[in-house]
Amino acid sequence: MDPITLGGVVALCTIAVLFSGVSVALGLLIVSTGFLLVFDGMRSLELLPEILFGKLDNFALLSIPMFIIMGSSIASTRAGADLYEALERWLTRVPGGLVISNLGACALFAAMSGSSPATCAAIGKMGIPEMRKRGYPDGVAAGSIAAGGTLGILIPPSVTMIVYGIATETSIGRLFLAGVIPGLMLVALFMAWSLYATWRSGDQRLLNSTSYTWKEKFEILPRVLPFLFIIIGVLYAMYGGVATPSETAAVGALLCLLIAMVIYKLWNPRDLWVVLRDSTKESVMILFIIAAAGVFSYMLSSLYITQSIANWIGTLDVNPWVLMGAVNVFLLIAGFFLPPVAVILMAAPILLPIITTAGFDPIWFAVVLTINMEIGLISPPVGLNLYVINGIAPDISLKTILTGSLPFVGCMVLAIVLLCLFPGLATWLPDAVMGAGL
């Protein structure tokens with residue numbers, strides 16, 4: 001069979017298996033093993049254990065459970081509520097300042113936790129009721145938190161960026177830096193739309209918020225500043241040449257656990273056990289997907305599917321931006337149904353040769369891919385963040401949450417367009433800090 005035709009068959013079989021309800025990792029193993037047996041015979045199975053475990057033999061993978069523990073220790077405390085309250089006290093005099101406070105809290109909490117659902121849950125539990133109480137439209141209240149939660153996979157430290165770096169053998173440090181400016185740009189776009197929607201509502205209650213004294217503003221800071229110092233310290237250690245990403249993640253995880261124990265009294269062994277247990281479950285899930293994706297990549301390469309697709313793309317007389325548009329459509333559709341980690345691990349082996357052949361920067365592409373995954377988090381039918389918000393505020397219909405999220409999807413699409421027009425938004429900071437080149 002022609003390799004490109006075979007690639008189409010593999011894609012259809014993969015979709016069918018994943019839609020059957022099996023886990024992503026097990027589904028990838030089933031497809032990979034099946035095609036290797038059919039086309040390479042029983043001898044191909046001898047290499048599978050070596051490939052499966054060899055994919056996990058990477059020191060950089062240690063950063064994944066460490067960053068997850070760092071996020072879980074924060075998510076298990078009142079850190080999100082305190083962060084929200086601190087920003088609300090400082091921004092309350094700004095017209096529409098409450099929604100800005102929520103988005104700012106989402107951005108900072110996302111940077112600390114790296115988890116979109118955790119960000120939605122932590123900030124939304126306080127932010128949504130407070131915004132609704134002060135007269136903000138339900139769509140703005142729910143949509144802003146759902147969209148703000150997606151920042152967890154873009155603003156560093158980001159687990160999805162680590163996964164992309166491992167899958168494509170790209171510098172994780174450069175990927176983290178590449179997400180900073182686009183992440184701040186998305187925060188600014190979200191805030192701009194929220195202010196416009198607030199102004200358009202014409203409700204004067206939104207412009208008149210509670211006034212806080214300077215004492216009340218400063219007394220909340222000691223609970224928030226330690227976490228901000230950890231973020232700054234992690235980034236400094238990573239880019240100041242003090243430690244590797246994995247070592248930095250370990251120190252960050254330890255410090256977050258200590259702060260959670262000292263400031264938020266997380267002394268109960270049961271509470272600590274829950275943090276470690278949940279972190280282990282999430283880490284094992286991601287690592288299992290990484291290992292299975294390694295076998296899937298080997299199958300694609302062994303059957304010459306990846307090479308053939310890359311060569312075929314290279315022979316096409318197509319404008320590179322038309323090609324990039326098609327890639328974005330593919331990523332959007334994939335993001336509607338699959339979690340970001342699964343999409344990255346399955347698509348990277350195929351897409352990386354295509355985008356490099358077309359002359360695009362892999363670091364820049366990582367940011368574009370991540371924003372596409374963010375759109376998937378607030379788009380049906382999966383739209384994980386939409387269901388998290390619905391769980392927090394069950395009296396707000398899923399339709400209202402989705403309608404409120406759509407303008408923020410537009411902001412993300414605009415961000416992708418801006419990145420295409422000005423690639424330096426993603427590549428300038430990594431080049432400035434770490435030097436030009438990959």
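The axes of helix H4 (residues 63–75) and helix H13 come within 13 Å and cross at roughly 170°. H4 is therefore roughly antiparallel to H13, a term used for angles over 145 degrees. The model is predicted, so that local features need pLDDT of at least 70 and side-chain atom pairs count only at pLDDT 80 or more, while totals for chains, interfaces and linings use all residues. Residues are numbered from 1 along each chain as its sequence is written, and side-chain values use heavy atoms, with hydrogens and water left out.

**H4 and H13**

- Phe67, Met70 and Ile74 of H4 are in contact (heavy atoms within 4.5 Å) with Phe227, Ile230, Val234 and Met238 of H13.
- The residues of this contact comprise seven nonpolar, no polar and no charged.
- Here Ala, Val, Leu, Ile, Met, Phe, Trp, Tyr, Cys and Pro count as nonpolar, Asp, Glu, Lys and Arg as charged, and the others, Gly among them, as polar.

**H9 and H18**

- Helix H9 (residues 159–168) and helix H18 (residues 340–357) have axes that come within 9 Å and cross at roughly 30°.
- H9 and H18 are therefore roughly parallel to each other, the term for angles under 35 degrees.
- The crossing of H9 and H18 is right-handed.
- H9 contributes Thr160, Val163, Tyr164, Ala167 and Thr168 to the contact, and H18 contributes Pro340, Val341, Ile344, Leu345, Ala348 and Leu352.
- By class, this contact of H9 with H18 has nine nonpolar, two polar and no charged residues.

**H8 and H21**

- The axes of helix H8 (residues 138–149) and helix H21 (residues 398–421) cross at roughly 55° and come within 7 Å.
- H8 and H21 are therefore oblique to each other.
- The crossing of H8 and H21 is right-handed.
- On the H8 side, Asp138, Gly139, Ala142, Gly143, Ser144, Ala146 and Ala147 meet Thr400, Ile401, Gly404, Ser405, Phe408 and Met412 of H21.
- Six nonpolar, six polar and one charged residue make up the contact of H8 with H21.

**Cavity**

- The count comes to one cavity of 30 Å³ or more, a cavity being a set of points on a 1 Å grid where a 1.4 Å probe fits but cannot get out.
- The largest cavity has a volume of about 30 Å³.
- Its lining (residues with an atom within 4 Å of a point) consists of Ala79, Asp82, Leu83, Met112, Arg223, Val224, Phe227 and Tyr264.
- Helix H5 (79–91) and helix H13 (221–239) are the elements that give two or more residues to this lining.
- By class, the lining has six nonpolar, no polar and two charged residues.

Technical notes. Axes fitted to C-alpha atoms, helices over the stretch in contact; angles between N-to-C directions. Helix = DSSP H or I, 4+ residues; strand = E, 2+ residues; numbered from the N terminus. Parallel < 35°, antiparallel > 145°, perpendicular 65-115°, else oblique. Left-handed = near helix turned anticlockwise from the far one by under 90°. 1 Å grid on protein atoms, 1.4 Å probe; cavity = no way out; pocket = protein on both sides within 12 Å on 5 of 7 lines; lining within 4 Å. Points joined across faces, edges and corners; volume = space filled by probe spheres on them.
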